[in-house]
Amino acid sequence: MIFSDEHRFTRWFITVSSIAIVSIFLWNVSIFFNRLKKEEREKMEIWVKAYSEVLNSDLNEDIPIELEVISKNTTTPMIIYHKKEDFYETRNIARKNADDDEKIKALAASFASDYQPIEIVYENEVFGTLYYGNSSLINKLKYFPIGIVFIVILYLAMLYYFYSTSKSHDQSLLWAGMAKETAHQIGTPLSSLVGWTEILKQENVDPTYVEEMEKDIVRLQTITDRFSKIGSLPNLEPTDIVEETKDSYEYLKARSSKLINFSLTLPDEKIQVNLNKQLFSWTIENIVKNAIDALKGKGNLDVEITQDAKWVRILITDTGKGIPKTKFKKIFKPGYTSKKRGWGLGLSLAKRIIEEYHDGKIRVLKSEVGKGTTFEVKLKKLA
(Lines give C-alpha, C1' and ligand atoms only; values in the text may rest on other atoms or scores of the structure.)
Protein backbone atom coordinates (compact mmCIF):
# COMPACT_ATOMS: atom_id res chain seq x y z
CA MET A 1 0.00 0.00 0.00
CA ILE A 2 2.86 2.36 0.88
CA PHE A 3 4.63 1.33 -2.33
CA SER A 4 1.50 2.15 -4.36
CA ASP A 5 1.07 5.51 -2.60
CA GLU A 6 4.69 6.44 -3.35
CA HIS A 7 4.22 5.68 -7.05
CA ARG A 8 0.96 7.65 -7.12
CA PHE A 9 2.65 10.61 -5.40
CA THR A 10 5.55 10.45 -7.89
CA ARG A 11 3.19 10.46 -10.88
CA TRP A 12 1.18 13.39 -9.55
CA PHE A 13 4.33 15.30 -8.56
CA ILE A 14 5.82 14.91 -12.05
CA THR A 15 2.53 15.88 -13.73
CA VAL A 16 1.86 18.93 -11.53
CA SER A 17 5.51 20.04 -11.73
CA SER A 18 5.49 19.76 -15.53
CA ILE A 19 2.26 21.79 -15.79
CA ALA A 20 3.63 24.42 -13.39
CA ILE A 21 6.91 24.72 -15.28
CA VAL A 22 5.13 25.01 -18.64
CA SER A 23 2.70 27.59 -17.25
CA ILE A 24 5.49 29.74 -15.77
CA PHE A 25 7.46 29.46 -18.99
CA LEU A 26 4.51 30.45 -21.18
CA TRP A 27 3.68 33.32 -18.84
CA ASN A 28 7.25 34.65 -19.13
CA VAL A 29 7.23 34.17 -22.90
CA SER A 30 3.97 36.15 -23.04
CA ILE A 31 5.53 39.01 -21.04
CA PHE A 32 8.62 38.94 -23.23
CA PHE A 33 6.52 38.90 -26.41
CA ASN A 34 4.37 41.84 -25.27
CA ARG A 35 7.50 43.77 -24.36
CA LEU A 36 8.90 43.17 -27.83
CA LYS A 37 5.67 44.43 -29.38
CA LYS A 38 5.81 47.54 -27.19
CA GLU A 39 9.39 48.19 -28.28
CA GLU A 40 8.34 47.64 -31.88
CA ARG A 41 5.68 50.30 -31.40
CA GLU A 42 8.17 52.75 -29.93
CA LYS A 43 10.61 52.06 -32.75
CA MET A 44 7.94 52.77 -35.36
CA GLU A 45 6.89 56.00 -33.61
CA ILE A 46 10.53 57.14 -33.81
CA TRP A 47 10.58 56.13 -37.49
CA VAL A 48 7.43 58.19 -38.19
CA LYS A 49 8.97 61.24 -36.46
CA ALA A 50 12.11 60.84 -38.56
CA TYR A 51 10.01 60.44 -41.72
CA SER A 52 8.01 63.60 -40.82
CA GLU A 53 11.24 65.52 -40.21
CA VAL A 54 12.47 64.54 -43.66
CA LEU A 55 9.19 65.69 -45.24
CA ASN A 56 9.24 68.99 -43.35
CA SER A 57 12.92 69.76 -44.01
CA ASP A 58 14.35 71.94 -46.79
CA LEU A 59 16.17 70.26 -49.65
CA ASN A 60 19.44 71.85 -48.59
CA GLU A 61 19.02 71.01 -44.90
CA ASP A 62 21.41 68.38 -43.53
CA ILE A 63 19.44 65.64 -41.71
CA PRO A 64 21.74 62.57 -41.57
CA ILE A 65 20.27 61.14 -38.34
CA GLU A 66 16.68 61.08 -39.61
CA LEU A 67 17.74 59.55 -42.92
CA GLU A 68 19.75 56.90 -41.08
CA VAL A 69 16.74 56.01 -38.86
CA ILE A 70 14.59 55.59 -41.98
CA SER A 71 17.13 53.55 -43.93
CA LYS A 72 18.18 51.29 -41.03
CA ASN A 73 14.75 49.72 -40.59
CA THR A 74 14.88 46.77 -42.99
CA THR A 75 12.93 44.20 -40.95
CA THR A 76 9.54 45.74 -40.12
CA PRO A 77 6.97 45.40 -42.93
CA MET A 78 5.38 48.81 -43.58
CA ILE A 79 2.61 50.29 -45.72
CA ILE A 80 2.46 54.10 -46.01
CA TYR A 81 -0.84 55.50 -47.25
CA HIS A 82 -0.36 58.88 -48.93
CA LYS A 83 -3.62 60.69 -48.30
CA LYS A 84 -3.50 63.45 -50.92
CA GLU A 85 -2.23 61.29 -53.76
CA ASP A 86 -4.36 58.33 -52.59
CA PHE A 87 -1.75 55.66 -53.11
CA TYR A 88 0.13 53.10 -51.03
CA GLU A 89 3.88 52.84 -50.59
CA THR A 90 5.32 49.55 -49.26
CA ARG A 91 8.58 48.83 -47.49
CA ASN A 92 10.19 45.53 -46.43
CA ILE A 93 7.36 43.55 -48.05
CA ALA A 94 7.87 40.93 -50.76
CA ARG A 95 6.58 42.04 -54.14
CA LYS A 96 4.36 38.95 -54.54
CA ASN A 97 2.45 40.02 -51.42
CA ALA A 98 1.93 43.62 -52.60
CA ASP A 99 1.69 43.60 -56.39
CA ASP A 100 -1.80 45.12 -56.54
CA ASP A 101 -3.96 47.51 -54.49
CA GLU A 102 -6.32 44.80 -53.25
CA LYS A 103 -3.50 42.80 -51.68
CA ILE A 104 -1.99 45.94 -50.15
CA LYS A 105 -5.34 47.02 -48.64
CA ALA A 106 -5.91 43.54 -47.20
CA LEU A 107 -2.41 43.54 -45.73
CA ALA A 108 -2.92 47.02 -44.25
CA ALA A 109 -6.14 45.85 -42.59
CA SER A 110 -4.26 42.87 -41.18
CA PHE A 111 -1.53 45.14 -39.80
CA ALA A 112 -4.16 47.45 -38.28
CA SER A 113 -5.63 44.50 -36.34
CA ASP A 114 -2.24 43.94 -34.66
CA TYR A 115 -1.01 47.50 -34.23
CA GLN A 116 -2.76 50.89 -34.08
CA PRO A 117 -1.80 52.77 -37.29
CA ILE A 118 0.33 55.91 -36.81
CA GLU A 119 -0.51 59.19 -38.53
CA ILE A 120 2.25 60.99 -40.44
CA VAL A 121 2.12 64.80 -40.10
CA TYR A 122 3.48 67.13 -42.80
CA GLU A 123 3.22 70.92 -42.49
CA ASN A 124 0.89 70.52 -39.51
CA GLU A 125 -1.51 68.38 -41.53
CA VAL A 126 -2.01 64.65 -41.68
CA PHE A 127 0.04 63.64 -44.69
CA GLY A 128 -0.70 59.92 -44.47
CA THR A 129 -0.95 56.85 -42.30
CA LEU A 130 1.63 54.20 -41.45
CA TYR A 131 0.50 50.59 -41.16
CA TYR A 132 3.09 48.14 -39.88
CA GLY A 133 3.25 44.51 -38.86
CA ASN A 134 5.47 42.21 -36.88
CA SER A 135 9.12 41.98 -37.74
CA SER A 136 10.52 38.60 -38.80
CA LEU A 137 11.93 38.10 -35.28
CA ILE A 138 8.54 38.55 -33.60
CA ASN A 139 6.87 36.30 -36.17
CA LYS A 140 9.36 33.55 -35.37
CA LEU A 141 8.89 34.03 -31.65
CA LYS A 142 5.12 33.55 -32.04
CA TYR A 143 5.72 29.86 -32.78
CA PHE A 144 8.31 29.41 -30.05
CA PRO A 145 5.78 28.63 -27.26
CA ILE A 146 4.06 26.09 -29.52
CA GLY A 147 7.40 24.35 -30.04
CA ILE A 148 8.07 24.31 -26.30
CA VAL A 149 4.61 22.91 -25.54
CA PHE A 150 5.17 20.22 -28.17
CA ILE A 151 8.52 19.30 -26.60
CA VAL A 152 6.93 19.11 -23.14
CA ILE A 153 4.10 16.92 -24.46
CA LEU A 154 6.68 14.68 -26.13
CA TYR A 155 8.63 14.52 -22.87
CA LEU A 156 5.51 13.56 -20.89
CA ALA A 157 4.60 10.95 -23.52
CA MET A 158 8.08 9.43 -23.28
CA LEU A 159 7.85 9.52 -19.49
CA TYR A 160 4.51 7.74 -19.60
CA TYR A 161 5.87 5.18 -22.08
CA PHE A 162 8.90 4.38 -19.93
CA TYR A 163 6.73 4.22 -16.82
CA SER A 164 4.20 1.86 -18.42
CA THR A 165 7.02 -0.26 -19.90
CA SER A 166 8.70 -0.44 -16.53
CA LYS A 167 5.41 -1.34 -14.88
CA SER A 168 4.76 -4.04 -17.48
CA HIS A 169 8.26 -5.41 -16.93
CA ASP A 170 7.72 -5.47 -13.17
CA GLN A 171 4.42 -7.28 -13.66
CA SER A 172 6.11 -9.83 -15.92
CA LEU A 173 8.76 -10.45 -13.29
CA LEU A 174 6.05 -10.78 -10.65
CA TRP A 175 4.08 -13.32 -12.70
CA ALA A 176 7.26 -15.24 -13.49
CA GLY A 177 8.20 -15.30 -9.82
CA MET A 178 4.72 -16.43 -8.81
CA ALA A 179 4.78 -19.17 -11.45
CA LYS A 180 8.17 -20.48 -10.31
CA GLU A 181 7.08 -20.37 -6.68
CA THR A 182 3.87 -22.25 -7.57
CA ALA A 183 5.93 -24.93 -9.34
CA HIS A 184 8.17 -25.18 -6.29
CA GLN A 185 5.22 -25.47 -3.90
CA ILE A 186 3.53 -28.17 -6.01
CA GLY A 187 6.74 -30.19 -6.05
CA THR A 188 6.53 -31.22 -2.38
CA PRO A 189 3.01 -32.77 -2.33
CA LEU A 190 3.69 -34.23 -5.78
CA SER A 191 6.68 -36.17 -4.48
CA SER A 192 4.51 -37.37 -1.60
CA LEU A 193 1.82 -38.60 -4.02
CA VAL A 194 4.39 -40.57 -6.00
CA GLY A 195 5.43 -42.28 -2.74
CA TRP A 196 1.83 -43.06 -1.82
CA THR A 197 1.14 -44.68 -5.18
CA GLU A 198 4.10 -47.02 -4.62
CA ILE A 199 2.67 -47.96 -1.21
CA LEU A 200 -0.77 -48.57 -2.72
CA LYS A 201 0.73 -50.91 -5.31
CA GLN A 202 2.18 -53.03 -2.49
CA GLU A 203 -1.18 -53.07 -0.64
CA ASN A 204 -2.89 -54.90 -3.51
CA VAL A 205 -5.28 -52.00 -4.25
CA ASP A 206 -7.29 -52.22 -7.47
CA PRO A 207 -4.66 -51.41 -10.20
CA THR A 208 -7.09 -49.20 -12.13
CA TYR A 209 -7.22 -46.80 -9.19
CA VAL A 210 -3.45 -46.57 -9.09
CA GLU A 211 -3.26 -46.09 -12.86
CA GLU A 212 -5.66 -43.16 -12.73
CA MET A 213 -3.69 -41.62 -9.88
CA GLU A 214 -0.47 -42.02 -11.88
CA LYS A 215 -2.08 -40.28 -14.86
CA ASP A 216 -2.99 -37.34 -12.64
CA ILE A 217 0.52 -37.31 -11.18
CA VAL A 218 1.99 -37.18 -14.68
CA ARG A 219 -0.38 -34.34 -15.45
CA LEU A 220 0.69 -32.45 -12.33
CA GLN A 221 4.34 -33.01 -13.24
CA THR A 222 3.65 -31.53 -16.70
CA ILE A 223 1.95 -28.49 -15.15
CA THR A 224 4.83 -28.04 -12.71
CA ASP A 225 7.32 -28.26 -15.56
CA ARG A 226 5.37 -25.62 -17.50
CA PHE A 227 5.23 -23.17 -14.61
CA SER A 228 8.93 -23.62 -13.88
CA LYS A 229 9.79 -22.56 -17.46
CA ILE A 230 8.02 -19.19 -17.23
CA GLY A 231 10.51 -16.34 -17.11
CA SER A 232 13.43 -18.44 -18.40
CA LEU A 233 14.49 -19.35 -21.91
CA PRO A 234 13.21 -22.86 -22.66
CA ASN A 235 15.11 -25.53 -24.58
CA LEU A 236 13.84 -26.07 -28.12
CA GLU A 237 14.31 -29.39 -29.87
CA PRO A 238 13.49 -30.62 -33.39
CA THR A 239 10.01 -32.11 -32.97
CA ASP A 240 7.20 -33.42 -35.14
CA ILE A 241 4.54 -30.74 -34.76
CA VAL A 242 1.88 -33.06 -36.20
CA GLU A 243 2.34 -35.68 -33.48
CA GLU A 244 2.53 -33.08 -30.67
CA THR A 245 -0.66 -31.38 -31.84
CA LYS A 246 -2.41 -34.73 -32.09
CA ASP A 247 -1.41 -35.66 -28.51
CA SER A 248 -2.70 -32.37 -27.11
CA TYR A 249 -5.90 -32.69 -29.14
CA GLU A 250 -6.66 -36.21 -27.93
CA TYR A 251 -5.96 -35.29 -24.31
CA LEU A 252 -8.41 -32.39 -24.43
CA LYS A 253 -11.03 -34.29 -26.41
CA ALA A 254 -11.10 -37.07 -23.81
CA ARG A 255 -11.73 -34.55 -21.02
CA SER A 256 -14.32 -32.34 -22.73
CA SER A 257 -18.09 -32.42 -23.05
CA LYS A 258 -19.49 -35.11 -25.34
CA LEU A 259 -21.77 -32.46 -26.85
CA ILE A 260 -18.74 -30.84 -28.51
CA ASN A 261 -17.97 -32.30 -31.94
CA PHE A 262 -14.19 -32.46 -32.34
CA SER A 263 -12.47 -32.86 -35.70
CA LEU A 264 -8.78 -33.13 -36.55
CA THR A 265 -7.26 -32.62 -40.01
CA LEU A 266 -3.57 -33.50 -40.27
CA PRO A 267 -1.10 -33.90 -43.12
CA ASP A 268 0.18 -37.41 -43.79
CA GLU A 269 3.87 -36.57 -43.42
CA LYS A 270 5.86 -35.38 -40.41
CA ILE A 271 6.66 -31.66 -40.07
CA GLN A 272 9.73 -30.80 -38.04
CA VAL A 273 9.98 -27.56 -36.07
CA ASN A 274 12.07 -26.33 -33.13
CA LEU A 275 9.75 -26.87 -30.21
CA ASN A 276 9.43 -27.07 -26.47
CA LYS A 277 6.82 -29.80 -26.06
CA GLN A 278 5.45 -28.77 -22.68
CA LEU A 279 5.00 -25.12 -23.60
CA PHE A 280 3.53 -25.88 -27.01
CA SER A 281 0.95 -28.26 -25.54
CA TRP A 282 0.13 -25.55 -22.99
CA THR A 283 -0.51 -23.12 -25.83
CA ILE A 284 -2.83 -25.52 -27.66
CA GLU A 285 -4.67 -26.26 -24.42
CA ASN A 286 -5.16 -22.57 -23.66
CA ILE A 287 -6.57 -21.85 -27.12
CA VAL A 288 -8.78 -24.95 -27.15
CA LYS A 289 -10.08 -24.26 -23.63
CA ASN A 290 -10.84 -20.69 -24.70
CA ALA A 291 -12.77 -22.12 -27.67
CA ILE A 292 -14.65 -24.56 -25.42
CA ASP A 293 -15.66 -21.66 -23.14
CA ALA A 294 -16.95 -19.80 -26.21
CA LEU A 295 -19.02 -22.85 -27.20
CA LYS A 296 -20.65 -22.99 -23.75
CA GLY A 297 -20.56 -26.77 -23.74
CA LYS A 298 -22.03 -27.42 -27.21
CA GLY A 299 -20.86 -26.95 -30.81
CA ASN A 300 -18.06 -27.78 -33.23
CA LEU A 301 -14.32 -27.47 -32.65
CA ASP A 302 -11.93 -28.14 -35.53
CA VAL A 303 -8.14 -28.38 -35.47
CA GLU A 304 -6.28 -28.33 -38.77
CA ILE A 305 -2.59 -28.23 -39.74
CA THR A 306 -1.46 -26.80 -43.08
CA GLN A 307 1.94 -25.79 -44.40
CA ASP A 308 3.78 -23.83 -47.05
CA ALA A 309 7.44 -23.60 -47.97
CA LYS A 310 8.41 -21.73 -44.78
CA TRP A 311 5.63 -22.00 -42.18
CA VAL A 312 3.42 -24.59 -40.55
CA ARG A 313 -0.02 -23.29 -39.54
CA ILE A 314 -2.25 -24.68 -36.78
CA LEU A 315 -5.83 -23.49 -37.21
CA ILE A 316 -8.27 -23.88 -34.31
CA THR A 317 -11.86 -23.06 -35.25
CA ASP A 318 -14.95 -23.02 -33.04
CA THR A 319 -18.60 -22.21 -33.65
CA GLY A 320 -18.92 -20.17 -30.46
CA LYS A 321 -19.99 -16.63 -29.67
CA GLY A 322 -17.22 -14.97 -31.68
CA ILE A 323 -14.99 -11.97 -30.95
CA PRO A 324 -15.61 -8.36 -32.08
CA LYS A 325 -12.90 -7.15 -34.46
CA THR A 326 -12.01 -4.32 -32.08
CA LYS A 327 -10.86 -6.92 -29.52
CA PHE A 328 -8.68 -9.08 -31.78
CA LYS A 329 -5.50 -7.71 -30.18
CA LYS A 330 -6.91 -6.85 -26.77
CA ILE A 331 -7.66 -10.50 -25.89
CA PHE A 332 -3.92 -11.26 -25.85
CA LYS A 333 -3.19 -8.63 -23.19
CA PRO A 334 -2.58 -9.87 -19.63
CA GLY A 335 -5.62 -9.52 -17.40
CA TYR A 336 -8.17 -9.25 -20.20
CA THR A 337 -11.05 -11.71 -19.82
CA SER A 338 -14.73 -11.84 -20.74
CA LYS A 339 -15.46 -14.40 -18.02
CA LYS A 340 -16.71 -13.56 -14.55
CA ARG A 341 -14.08 -15.81 -13.07
CA GLY A 342 -10.72 -15.80 -14.72
CA TRP A 343 -7.28 -14.25 -14.57
CA GLY A 344 -7.06 -13.36 -18.27
CA LEU A 345 -3.64 -14.99 -18.61
CA GLY A 346 -4.27 -17.98 -20.93
CA LEU A 347 -4.04 -16.23 -24.28
CA SER A 348 -1.35 -13.79 -23.11
CA LEU A 349 0.79 -16.78 -22.08
CA ALA A 350 0.08 -18.46 -25.42
CA LYS A 351 1.24 -15.32 -27.25
CA ARG A 352 4.41 -15.11 -25.20
CA ILE A 353 5.19 -18.81 -25.68
CA ILE A 354 4.72 -18.70 -29.45
CA GLU A 355 6.17 -15.29 -30.29
CA GLU A 356 8.93 -14.80 -27.71
CA TYR A 357 10.07 -18.36 -27.11
CA HIS A 358 9.41 -19.98 -30.51
CA ASP A 359 9.79 -16.95 -32.82
CA GLY A 360 6.37 -17.71 -34.29
CA LYS A 361 3.10 -15.84 -34.70
CA ILE A 362 -0.34 -16.13 -33.13
CA ARG A 363 -3.45 -14.17 -33.99
CA VAL A 364 -7.20 -14.23 -34.47
CA LEU A 365 -7.39 -15.13 -38.15
CA LYS A 366 -11.10 -14.42 -38.44
CA SER A 367 -14.13 -14.14 -36.23
CA GLU A 368 -17.79 -13.25 -36.53
CA VAL A 369 -19.98 -12.49 -33.55
CA GLY A 370 -22.51 -15.28 -33.06
CA LYS A 371 -20.85 -17.60 -35.58
CA GLY A 372 -17.39 -18.48 -34.33
CA THR A 373 -13.66 -17.80 -34.31
CA THR A 374 -10.49 -19.13 -35.94
CA PHE A 375 -7.13 -18.82 -34.18
CA GLU A 376 -3.93 -19.22 -36.18
CA VAL A 377 -0.59 -20.36 -34.77
CA LYS A 378 2.39 -20.18 -37.15
CA LEU A 379 5.80 -21.77 -36.55
CA LYS A 380 8.85 -21.87 -38.80
CA LYS A 381 9.61 -25.22 -40.37
CA LEU A 382 13.04 -26.76 -40.17
CA ALA A 383 14.84 -27.07 -43.48
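**Entry 1: a cut-off, then a cap**

I start with a cut-off: a polar contact is a pair of N or O atoms within 3.5 Å. The model I am looking at is predicted. With that cut-off in hand I looked at the N-terminal end of α3, which Asp100 caps. A side-chain oxygen of Asp100 lies 3.1 Å from the backbone nitrogen of Glu102, so the pair falls within the 3.5 Å cut-off.

**Entry 2: the whole protein**

Next I stepped back for an overview. I found nine helices and 11 strands in the protein. It has 383 residues, and buried ones make up 32% of them. I also looked up contacts between residues at least 6 apart in sequence, and 67% of these join residues at least 24 apart.

**Entry 3: helix α3**

Back to α3, which runs over residues 101-114 and has 14 residues. From its first C-alpha to its last I get 20 Å, close to the 20 Å expected at 1.5 Å a residue.

Which residues of α3 are buried? I noted Ile104, Ala108 and Phe111. Looking down the axis of α3, I see these buried residues fall within an arc of 60°, so they line one face of the helix. A reminder to myself: an α-helix has 3.6 residues a turn, so residues three or four places apart point the same way.

What do the buried residues of α3 pack against? They pack against β1 (78-82), β2 (87-91) and β4 (125-132). On the other side of the helix, Glu102 and Ser113 are exposed.

I then went to the loop between β4 and α4 (136-142), where Asn134 lies. Is Asn134 buried or exposed? At 8% relative accessibility, Asn134 counts as buried. Its side chain makes a polar contact of 2.5 Å with the side chain of Tyr115. Leaving aside neighbours within four places in sequence, I listed the contacts of Asn134, among them Lys37, Pro77, Asp114 and Tyr115.

Lys37 and Tyr115 also meet each other. The charged end of Lys37 sits over the ring of Tyr115, 5.0 Å from the ring centre. I found another lysine over a ring elsewhere: Lys378 lies over the face of Trp311, at 4.8 Å from the ring centre.

**Entry 4: aromatic pairs**

How many aromatic pairs does the structure hold? I found five. Trp47 and Tyr51 have ring centres 5.1 Å apart and planes at 15°, so this pair is stacked. The two residues are four apart in helix α1 (residues 2-56), which separates them by about one helical turn. Trp47 is buried at a relative accessible area of 1%, and Tyr51 is buried too, at 9%.

For Phe332 and Phe375 I noted ring centres 6.2 Å apart and planes at 85°, so this pair is edge-to-face. Phe332 is in the loop between β9 (311-318) and α9 (346-357) and Phe375 is in strand β11 (residues 372-380), so the pair ties together parts 43 residues apart in sequence. Phe332 counts as buried at 7% relative accessibility, and Phe375 is buried with a relative accessible area of 2%.

**Entry 5: Phe127**

Strand β4 came up again, as it holds Phe127. I put Phe127 down as buried, with 13% relative accessibility. How far apart in space are Phe127 and Lys84? They are 7.2 Å apart, C-alpha to C-alpha, while 43 residues separate them in sequence.

Leaving aside neighbours within four places in sequence, I find Phe127 in contact with several residues, including Tyr51, Leu55, Tyr81, His82 and Lys84.

**Entry 6: two positive phi values**

Last, I looked at the backbone. Most residues other than glycine have a negative phi. Asp86 is not a glycine, yet its phi is positive, about 55°. I located Asp86 in the loop between β1 and β2, and at 52% relative accessibility it counts as exposed.

Lys296 is not a glycine either, and it has a positive phi of about 55°. Where does Lys296 lie? I found it in the loop between α8 (277-295) and β8 (299-307). Lys296 is exposed, with a relative accessible area of 69%.

Key. Residues numbered from 1 in each chain as written. Predicted model: local features only at pLDDT ≥ 70, side-chain atom pairs only at ≥ 80, totals over all residues. Heavy atoms only, no water. Phe/Tyr/Trp six-rings, centres within 6.5 Å; stacked < 30°, edge-to-face > 60°. Buried < 20%, exposed > 50% of the residue type's maximum accessible area, 1.4 Å probe, protein only. Lys NZ or Arg CZ within 6 Å of the ring centre and 35° of its normal. Expected span 1.5 Å × (residues − 1). Arc of directions from axis to C-beta. Contact = heavy atoms within 4.5 Å. Polar contact = N/O pair within 3.5 Å; in protein donor to acceptor, adjacent residues only side chain to side chain.
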